[in-house]
Amino acid sequence: MTTTDPAPVISLEHAEKSFGAVHALADGDIELFGGEVHGLVGENGAGKSTLVKILAGVHRPDSGRLLLDGEEAIFDNAKQSQAAGIAIIFQEPTLFPDLTVAENIFVGVQPLKRFRRIDGRRMRREASTLFEQLGVRLDPDRLARGLSIADQQLVEIAKALTTNARVIVMDEPTAALTTNEVQRLFRIVETLRARGNAVLFVSHRLEEIFELCQRVTVMRDGRHVWTKPIGELTVPSVIRAMVGRDMDALFPKLPTEPGRVVLQIERLTREGDFTDVSFVVRSGEIVALAGLVGAGRTEVARAIFGIDRWDAGSVEIEGRRLPPGSPSAAMAAGIGLVPEDRRQQGLVMDFSIERNIALASLDTVRRGGMIFRGAERAFARDWALRLQLKYARLTNPVWTLSGGNQQKTVLAKWLGRKPKLLIVDEPTRGIDVGTKAEVHRLLSELAAQGVAVLMISSELPEVLGMADRIVVLFEGRVMREFARADADEDAIMRAATGLVEDAA
Amino acid sequence: MTSLAEEPAVVDRRSSSHAFAEFLARFRELGIVLALVIVVGAATLDNHLFLSAANIQQILAGSAIIALLAIGETIVIITRNVDLSIGSILGISAYATGVLYVHHPNVALPVVFLLAFAIGAVCGAMNGLIVTVARVPSLVVTLGTLYIIRGIDGAWAGGNQVNASMLPDSFNKIGYATVLGIPYLGWIAIIAVALATYAMRSFRTARDFYAIGSDPAAARLAGIPVGSRVFLAFVLSGAIAGVTGALWLSLYASVDAIAGVGYEFQVIAAVVVGGVAIFGGSGTVLGAALGALLLYTINTALVVVNVSSFWSMALSGALLLAAIAFDRLIALRLAPAMRTRRTARG
């Protein structure tokens, strides 16, 4: 159980996984050794989570091999993976809020006494011992409800130790932790490593990788790029490997002349989500809000649209202040929001296409409180045509459409209101390449017509290809703002991972 | 993004509000006992006969029926389900018991209860199967079986009635006899509640019920056989309702097609008043049983002080709402502290 052990505890070779048309993992490779912390890095959508879920037994790879101690293994479900000694600590752990900490650790494997009764005293004692081993203080008797994310992770780690897990996978465990908690977690990871466990540490934060890991694997576009010992690496070399890809020629950006200021947000703050965020969007301009998942981009968009209230700061549309927490005021002021999750938030999936398109424009299809089907249909047909929506019948439920056409339907819904500001959150996620280009063309045309567009995107090529200006958020704060000419993938990635610009 | 200095304050706030919630959760059972004392006291002031042995025995025996049903309902509700069919199960089991005695007056007592148990368990298994295999929400399934079982009961019984004279005294005795001043039924309920309370704390299967109700998805991830546990919960609830049906007949000594109509709502009200979370995951059998005792006592007290039974219904309803408001209040009080805690690191 020491570092000298040359054979990997677990290895994944050439794993592939597709979800429908989306190729999530094209070539996933990883080898984990006992007594070693292995860093896994890559941009959003590089395939890290899919790889983790294959190890967890949540997904089964379409092809490729999983080797456990050199023997081929297949995990059909989470339980088999657990039985094989693999424990996954997710970013947001799933505990039972109504059970105590000790019960959560031992759920299903409680120590028993006579007549198969649970030995509560032993359970609590063993939980305390585990926490002692981990060097933390947590009351085994308290309910899990209300535990901080960091403490919930601890409970999951303690759980992993009771099942004698040899491989511990942590999927972005630090994303929701404070500096103190991160340090505590690092000490625990060090303890696990010293015990001879293999740890896979997935993180966006490169400084953490360099502090903690002995070996690093970089993934990009679902593929394994390389695996190297940390000694051979520098931060710039890792970033280059993460982003270095061909720029797609998919972005038909039209040159525009930015006009008057449409959106001005000033020192906007919502406790715990984002702090002191200021920027403007002018008419005819596409401004990208870049950053990593969890940097607060979507939260800022939700606040502007009035879904969540803000605690401090102001939002102005053409010089008029918006009241906090009022989507109807935001709509009246001319804001449209194309949300990230179109199925849950952008569309009423069981409604017809025409009804969805007209949903935000009921005033124009309504006479005296009654909605007129004819007006609704004419309205919908007009916009479906303009956006080149591909559909069988407008009366079909919207779930019959492909992802790209669903997204166009959401766009049509808002364009029908002739918005001054359109906020699009991950506008091309899960959309095939052809439709992607169409959505890009559409956004570009809108801007050319004088609409102000605020685009949230995790895809750097999209950000670089589409945006006139780029605002980068890191942990809820504006890290940097780039003009189109000054931006490159390297610089944005640095800002998004919180690396301060010194001698770049 | 969170300064280090802020940390201790947040931790304190969380742990104190947590302690507060825990105190209230404990206060819940104490609170019911307190309410019980107030009700009994007020009713006795109005009419000293309220504390007579006969009346106390009547209350204990009557509430024992509700308390027994509440044991099964608590188990089901803890798994984030609900069983509306218990009143109908009680009814058909009570009628079956009566008919058994009509045809076989000398049948042994254990056989009677075995039959009642079996009828209940079969009905419960039907509920459990539909809920877990067809994945239909239990609210709808048991609403369906409520009517189906009641319908079968009605078709079978027609206008017939089984009354005390057709039942042997050894059976009727269960309903009226007492030990140490407490009716048999009261003892049965006390012992059953004590056993169930202990079991719900001490067995893996029981803790699985809590885990399932607390977070069904996480329960699946943790390898808990969610389907078979939920099935078991319904079988238990049904079997308890079946046995309680036989006990019900011993208490009221006559049964027709409408025995136990509407009991499900009295029981659910008792369970919720007793502090069992309607969305599962928490609560105790003891709390639910105390809730049953409180509601039954209030109803009796209102009759004693000559308040119309309509008002007693309204009061039960108000108490139910108060109990839910109370839970909601605790949750709301905890929420802001928890949000700060959770998002402070976002």
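View 1. B:Val230 lies in helix 10 (residues 226-252) of chain B, where helices (H or I, at least four residues) and strands (E, at least two) are DSSP runs numbered from the N terminus. This is a predicted model, in which local features need pLDDT of at least 70 and side-chain atom pairs count only at pLDDT 80 or more, while totals for chains, interfaces and linings use all residues. Residues are numbered from 1 along each chain as its sequence is written, and chains are lettered from A and ligands numbered from 1 in the order in which they are written. B:Val230 counts as buried because it has 24 C-beta neighbours inside 10 Å; a residue is buried if 20 or more other C-beta atoms lie within 10 Å of its own, exposed if 12 or fewer, and partly exposed in between, with C-beta atoms placed from the backbone. Leaving aside neighbours within four places in sequence, B:Val230 is in contact (C-beta atoms, placed from the backbone, within 7 Å) with B:Thr79, B:Asn81, B:Gly128, B:Val131, B:Thr132 and B:Ile212. B:Val131 is 99 residues from B:Val230 along the chain, and their C-alpha atoms are separated by 8.2 Å.

**View 2. Crossing of helix 4 and helix 5 of chain B.** The axes of helix 4 (residues 109-133) and helix 5 (residues 138-157) of chain B come within 9 Å and cross at roughly 145°, the axes being lines fitted to C-alpha atoms, for helices over the stretch in contact, and angles running from 0 to 180 degrees between N-to-C directions. Helix 4 of chain B contributes B:Cys123, B:Met126, B:Asn127, B:Ile130 and B:Val131 to the contact, and helix 5 of chain B contributes B:Ser138, B:Val141, B:Thr142, B:Thr145 and B:Ile149. These residues divide into 6 nonpolar, 4 polar and no charged, where Ala, Val, Leu, Ile, Met, Phe, Trp, Tyr, Cys and Pro count as nonpolar, Asp, Glu, Lys and Arg as charged, and the others, Gly among them, as polar. In chain B there are 13 helices and 2 strands, and 45% of its 346 residues count as buried.

**View 3. Strand 10 of chain A and its parallel partners.** All 5 of the 5 residues of strand 10 (residues 198-202) of chain A are buried, so the strand is largely enclosed by the rest of the structure. A:Ala198, A:Leu200 and A:Val202 cover one side, and A:Val199 and A:Phe201 the other. Strand 3 (residues 36-41) of chain A pairs with strand 10 of chain A in the parallel sense over 5 bridges, two strands being paired if DSSP finds at least two bridges between them, and the bridge partner of A:Leu40 is A:Val202. Strand 9 (residues 167-171) of chain A also runs parallel to strand 10 of chain A, joined by 5 bridges, with A:Val169 opposite A:Leu200.

**View 4. An open antiparallel sheet in chain A.** In chain A, 4 strands form an open sheet in the order 14-13-16-17, with antiparallel pairing. Strand 14 (274-282) and strand 17 (320-321) of chain A stand at the edges, each with a single partner strand, so one side of each is left without a neighbour in the sheet. Strand 13 (residues 261-270) and strand 16 (residues 312-317) of chain A are joined by 5 bridges, and A:Thr269 has A:Ala312 as its bridge partner. Helix 9 (residues 297-305) of chain A packs on the sheet, touching strand 13, strand 14 and strand 16 of chain A, and its direction makes about 115° with that of strand 13.

Notes: Two residues are in contact if their C-beta atoms, placed from the backbone, lie within 7 Å.
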